[in-house]
Amino acid sequence: KGKCPEDGWDESTIELFLHELAIMDSNNFLGNCGVGEREGRVASGLVARRHYRLIHGIGRSGDISAVQPKAAGSSLLNKLTNSVVLDVIKLAGVRTVTSCFVVPMATGMSLTLCFLTLRHKRPKAKYIIWPRIDQKSCFKSMITAGFEPVVIENLLEGDELRTDLEAVEAKIKALGAENILCVHSTTSCFAPRVPDRLEELAVICANYDIPHIVNNAYGVQSSKCMHLIQQGARVGRIDAFVQSLDKNFMVPVGGAIIAGFNESFIQEISKMYPGRASASPSLDVLITLLSLGTSGYKKLLKERKEMFSYLSSELKKLADNHNERLLDTPHNPISLAMSLKTLDETNDAAVTQLGSMLFTRQVSGARVVPCGSVQTVNNYTFKGFMSHANDYPCAYLNAASAIGIKKQDVDVFLKRLDKCLKTFRKEAKQEKCINEISDVNAATEQLEE
């Protein structure tokens, strides 16, 4: 039926299934005689076993989704993977999605592929409207495609950084709709930035007849992010949304899913991919979803949401204990931020030092963001880089509750963070005592004189 099974398969069943697919490929035929330049020959038995002897990859030279006659098994793998992934995207919340395909590139290059496809539809366009998010790959995806990003600064609402809709519309009017390739919005992001106002942006795109591409990097795991995409497509225009395989399905880095609501446009994107492609990302995600089943994936989504609530409440307690606060970012369903104001005021270098301390203590993924950092990416200078704003009011630390996180991860992180912050407080107290002693000594010397 091309759907993800409700209950996951055991490993021996999955391996049997993959071996059945592999024997449909010509390189595995007993009497095969290959006289071409690409015959699925593999020198290493280890490499062959690693890929279950599915060596031909996917697609043909002119279309990544096309069936390859001498690789019936690999082609079937490709078709099944795309079908199963589409089923899971619907299950995760985007019910009206009509088409998707797995592409063997990470999110940034997959976005580039979408922009290059739009170039043929809008030959005069040279600009991409982009509500700012300080993540290099999505910025470079536009530059690599040959377009000029028009950065829209975010609005500070309370602690949250939100989409400036008026600035987006004003820029469209100033540049002219026909000169704009698309609006490039974002769902999943680091707090205190929150998902873009997708519904409103989708309406603006529909009103001005401008394509809309959504960077949904790790949004499949969030019902809120998926709901925003569903609603945006319902009330306005979303042409394609792109998500990472590794972040949403816990597989190795190297693949993404391009999905949309217009099947012909998604097919256009797949045909834009030059040449054949590696089947590894498709193989990884198919094995994963067959082993999990829909029940297993739903369980992971539920656990992630529960861990987000737990991380939020425990991080708030820790912040209060250190005279800091958990920033109020209710519109961000994955990432949290804790202020580091006291630390920042104590010592300019203390904030970045905290990041180093956490990393050496095997805490990965926590981002420490100082105030006033400046970075140039492809000749564009970002002030306050990593904070998604020129002048965010305070330094802060990020932590995220992503799919697969366990209670133990949260508890160990909080324990190590608490210890690091106590170290800084102790050092600050010692420095204060030293300064006070120096002041007393100086006063004593003056009295003696």
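Residues are termed buried when their relative accessible area is under 20%, exposed when it is over 50%, and partly exposed in between, with a 1.4 Å probe and protein chains only. The structure is a predicted model, in which local features need pLDDT of at least 70 and side-chain atom pairs count only at pLDDT 80 or more, while totals for chains, interfaces and linings use all residues. Residues are numbered from 1 along each chain as its sequence is written, and side-chain values use heavy atoms, with hydrogens and water left out.

The chain has 449 residues, of which 51% count as buried, and its C-alpha atoms fill a box of roughly 105 × 55 × 40 Å along the principal axes. Its secondary structure comprises 14 helices and 14 strands, these being DSSP runs numbered from the N terminus (H or I, at least four residues, for helices; E, at least two, for strands). With contact meaning heavy atoms within 4.5 Å, 73% of the contacts between residues at least 6 apart in sequence join residues at least 24 apart.

Helix H1 (residues 11-22) consists of 12 residues and reaches 16 Å from its first C-alpha to its last, close to the 16 Å expected at 1.5 Å a residue, where the expected span is 1.5 Å times one less than the number of residues. The buried residues of H1 are Ile14, Phe17, Leu18, Leu21 and Ala22. They lie on the same side of H1, because they cover an arc of only 140° around the axis, the arc being that of the directions from the helix axis to the C-beta atoms. The face turned away from this buried side carries the exposed residues Ser12 and Leu16, whereas the cover over the buried residues of H1 includes helix H3 (72-92) and helix H11 (280-321).

Strand E2 (residues 127-131) is mostly covered, with 5 of its 5 residues buried. In a regular strand the side chains alternate between the two faces of the sheet. In E2 both faces are covered, with Tyr127, Ile129 and Pro131 buried on one side and Ile128 and Trp130 buried on the other. Two strands pair if DSSP finds at least two bridges between them. Strand E2 runs parallel to strand E3 (residues 148-152), to which 5 bridges join it, and Trp130 has Val151 as its bridge partner in E3. Strand E2 also runs parallel to strand E6 (residues 180-186), with 3 bridges between them, and here the bridge partner of Ile129 is Val183. Together with helix H5 (residues 136-144), E2 and E3 make a right-handed β-α-β unit, in which, with the strands pointing away from the viewer, the path from the first strand over the helix to the second runs clockwise.

Under "binding site", an unreviewed UniProt entry lists Arg60, Ser61, Gln68 and Arg276. These residues span 217 residues in sequence, yet no two of their C-alpha atoms are more than 9.5 Å apart, so they gather at one spot. Gln68, in the loop between helix H2 (45-50) and H3, is buried because its relative accessible area is 6%. Arg276, in the loop between helix H10 (263-272) and H11, counts as partly exposed because its relative accessibility is 32%. Beyond four places in sequence, Arg276 touches Arg38, Ile58, Gly59, Arg60, Ser61 and Gln68.

The unreviewed UniProt entry also places "modified residue: N6-(pyridoxal phosphate)lysine" at Lys247, although such annotations may be inferred rather than shown by experiment. Lys247 is in helix H9 (residues 245-249) and counts as partly exposed at 35% relative accessibility.
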